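Subject: Handing over the structure

Hello,

Here is the structure I promised to pass on to you. Please open it alongside this email, and below you will find what turned up when I went through it.

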Amino acid sequence: MARRDMGKVVFLDLVDRSGKIQLLLADDRTGPVDINLGDIIGVCGRPARTRRGEPLLNVDEPPVLLAKIRRPLPDTFHGLTETETRYRQRYLDLLVNEETRADFELRTRMVTAIRRYLDEHGFLEVETPILQPRYGGALAEPFVTHSNELDTDLYLRIASELYLKRLIVGGLERVYELGRDFRNESVSYKHAPEFTMVEWYEAYADYNDTMARIEELVERVAKEAIGTTKVTFRGHDVDLAAPWKRVKLIDALEEKGLWTRDEADLRKRLEERGIDTSANVSWSQLVDHALSQAVEPELIEPTILYDYPVEVSPFARATDDDPSIVERFEYFVGGAELGNAFTEINDPDEQAERFAQQEADKGGQQGDPDYVEALAYGMPPTGGLGLGIDRLAMVLAGKDNVRDVILFPALRQREG
């Protein structure tokens, strides 16, 4: 990655994933050095140190050319800085930018730590279908494809939730899946059409147990991946250590003057704040919009927002004292949501009613009769959670755009 000619001696910087070492090639031992920046070589020599104490290899034999570069590297001193090129040609970004390599190694350590935590706590890692005859587990627009063999349309999953809960019915009790989900929706600094999630489901647990577990997991994963719980994300210094702040959703909206169950009144309050509600066709969508515009951006320190209206949470169990409020929470860092969790509905009749309610809401999707039938065989009380792997990687790496933590992000095709 660097070459310095000094008379009959050539110094090269040899770089691989383990780091960098300087090579000393003397003309009387190796002959003329016909090596270009970016060539892949093998060398044999004796270890030594430079005057500054840095590792050095005195090369004894002519270097072996293993692969010849055919195009010149970008500026190796300043690195590859043009954003679109970094995303489109990630291999170049990784090749010349040490920081990029470090970010993706961090992400791998993070994923390994998540798996280790769940494995140690008795969870089984499983695999569920990516191609599904019905899509569910979230309110989202799916990608659709067609199976020639089955002669039917299939959907790329938007979540693994409903299949994982079938496994709880089957007696596996603690399961998780770490994999890709797909949503055919808008792209933003925190949204990508394909993204990585870990979802887990734990029998004989509720959302209070799950709150404690996600706090513990994130704290431990941060320590293992970056050595500390203190990070800088989106210009804010935050500490991921447990316990996190906890706020009821209704209290958060009331503080902003945005809590009302009257759809017309809520729309009026939002529009008075300059918030466009033309795309919101129901009260539940207005509530979600109010949260995203007025509440979430101010949740800087790790915060759990809990107890949601039933209308926006078709899979969460109602609280014991108020059937209009369900045991659901979302959790945030730096004004960005990291994930979502419920105490799951385990009554098949109640779940069927929720599916019907969701389908009646314009933009809602169909229910899943097979899942309802599965619940009829009995699912123990269960706590479930989804964690966005890409978003947690953004937090730990201090990146403001999700494309910086996805190796090959989706991009528009180049014109021409």
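The second largest cavity holds about 40 Å³ of space. On a 1 Å grid over the protein atoms alone, a cavity is a set of points where a 1.4 Å probe fits but cannot get out, while a pocket is an open set with protein on both sides within 12 Å along at least five of seven lines; lining residues have an atom within 4 Å of a point. Grid points are joined across faces, edges and corners, and a volume is the space filled by probe spheres set on the points.

Before going further, please note that this is a predicted model, in which local features need pLDDT of at least 70 and side-chain atom pairs count only at pLDDT 80 or more, while totals for chains, interfaces and linings use all residues. Residues are numbered from 1 along each chain as its sequence is written, and side-chain values use heavy atoms, with hydrogens and water left out.

Back to that second largest cavity: its lining is made up of V187, S188, H191, A192, P193, V402, R403, I406, P409 and A410. By class, these are 7 nonpolar, 2 polar and 1 charged; here Ala, Val, Leu, Ile, Met, Phe, Trp, Tyr, Cys and Pro count as nonpolar, Asp, Glu, Lys and Arg as charged, and the others, Gly among them, as polar. In total there are 3 cavities of 30 Å³ or more. The largest has about 50 Å³ of space and is lined by Q132, R134, Y135, G136, A159, L162, Y163 and D368. That lining divides into 4 nonpolar, 2 polar and 2 charged residues.

Two or more lining residues come from each of β1 (2–6), β2 (9–16), β4 (40–42) and α3 (90–96), with β2 giving the largest share, 5 residues. Helices (H or I, at least four residues) and strands (E, at least two) are DSSP runs, numbered from the N terminus. The lining of this pocket has 15 nonpolar, 2 polar and 7 charged residues.

Next, the interior. In soluble globular proteins, nonpolar side chains tend to be buried together. A nonpolar core is a set of buried Ala, Val, Leu, Ile, Met, Phe, Trp, Tyr and Cys residues joined through side-chain atoms within 4.5 Å. Buried means under 20% relative accessible area, exposed over 50%, and partly exposed in between (1.4 Å probe, protein chains only). The largest nonpolar core here has 47 residues, and those with the most contacts inside it are M110, I114, I214, L217, F329, L387 and L396. Helix α6 (residues 207–226) gives the most to this core, with 8 residues. A second, separate core has 38 residues, including Y201, L249, I275 and L305.

Leaving out residues up to four places away in sequence, L396 touches L106, M110, V221, A222, A225, I226, V231 and L240, where contact means heavy atoms within 4.5 Å.

Another one to look at is Y308, in strand β17 (residues 303–309). Is Y308 buried or exposed? At 1% relative accessibility, Y308 counts as buried. Beyond its neighbours within four places in sequence, Y308 is in contact with L249, L291, S313, S324, I325, V326, R328, F329 and E330. The side chains of Y308 and E330 also make a polar contact at 2.4 Å (a pair of N or O atoms within 3.5 Å; within protein, one must be able to donate a hydrogen and the other to accept it, and residues adjacent in sequence count only if both atoms are side-chain atoms).

Finally, some backbone details. Most residues other than glycine have a negative phi, and most peptide bonds are trans. D151, though not a glycine, has a positive phi of about 55 degrees. D151 sits in the loop between β10 (144–147) and β11 (152–156) and is exposed, with a relative accessible area of 61%. E173 also has a positive phi, near 70 degrees; E173 lies in the loop between α5 (161–169) and β12 (174–182) and is partly exposed at 39%. The peptide bond from A242 to P243 is cis, with omega near 0 degrees, and P243 is in the loop between β15 (236–239) and β16 (245–248).

Best wishes
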